[in-house]
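Here are my notes on the structure you asked about. Please read them with the coordinates open.

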Amino acid sequence: PLVDLSRGGLAFLADYAPKIGMWVSLRLKFPGREDILRLEGHVVYAVATGIAGYRYRVGIKFWPFANRGSCNAPKALDVLVDFESTFLVADR
């Protein structure tokens, strides 16, 4: 399960702890959007937790957003910013 999401990265619960620095490719589906967002990043932490029966909380930092290699598409940043303003502000 997803725990936290922002334009900088995300955190999720897992039964295993991936290696710090490990490259990850993520595919995210957002409410109200037909397309699937693809993001690249790396694992920045994996800490033991007992939340909801999962053993670890894992943190991913997204790679930069730019029109060049080893970066996420700037369009992906637009989707994340829209998500933050639509869903996260409404929760406050």
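1. Confidence. This is a predicted model. The mean pLDDT of the protein is 90. Of its residues, 93% reach 70 or more. Among the elements, strand β5 (residues 56–62) has the highest mean pLDDT, at 97. Helix α1 (residues 74–88) has the lowest, at 85.

2. Nonpolar core. The largest nonpolar core holds 19 residues. Which residues have the most contacts inside it? They are L5, L10, F30, L37 and I60. Five elements can be named as suppliers of at least two core residues each: β2 (9–14), β3 (23–29), β4 (36–48), β5 and α1. As background, nonpolar side chains tend to be buried together in soluble globular proteins.

3. Surroundings of I60. Leave aside residues up to four places away in sequence. I60 then touches G8, G9, L10, F12, V24, L26, G41, H42, V43 and V44. L10 in this list is also one of the residues with the most contacts inside the core, as is I60 itself.

4. Aromatic pairs. The count comes to 3 aromatic pairs. One of them joins W23 and W63, with ring centres 6.2 Å apart. The planes of W23 and W63 meet at 35°. Stacked needs under 30 degrees and edge-to-face over 60, so an angle in the rest of the range counts as tilted. The W23 and W63 pair is therefore tilted.

5. What the pair links. W23 and W63 connect distant parts of the chain, 40 residues apart. W23 sits in strand β3, and W63 in the loop between β5 and α1.

6. A52. The phi of A52 is positive, about 50°, although the residue is not a glycine. Where does A52 lie? A52 is in the loop between β4 and β5. Its relative accessible area is 61%, so A52 is exposed. The cut-off for exposed is over 50%.

7. S70. Here too phi is positive in a residue other than glycine: S70 has a value near 60°. S70 belongs to the loop between β5 and α1. W63 is in that loop as well. S70 counts as exposed, with 61% relative accessibility.

Definitions and conventions: Residues are numbered from 1 along each chain as its sequence is written. This is a predicted model: local features need pLDDT of at least 70, side-chain atom pairs count only at pLDDT 80 or more; totals for chains, interfaces and linings use all residues. Side-chain values use heavy atoms; hydrogens and water are left out. pLDDT is the predictor's confidence in each residue, from 0 to 100. Helices (H or I, at least four residues) and strands (E, at least two) are DSSP runs, numbered from the N terminus. A nonpolar core is a set of buried Ala, Val, Leu, Ile, Met, Phe, Trp, Tyr and Cys residues joined through side-chain atoms within 4.5 Å. Buried means under 20% relative accessible area, exposed over 50%, partly exposed in between (1.4 Å probe, protein chains only). Contact means heavy atoms within 4.5 Å. Rings of Phe, Tyr and Trp (its six-membered ring) pair if their centres lie within 6.5 Å; planes under 30 degrees apart count as stacked, over 60 as edge-to-face and the rest as tilted.
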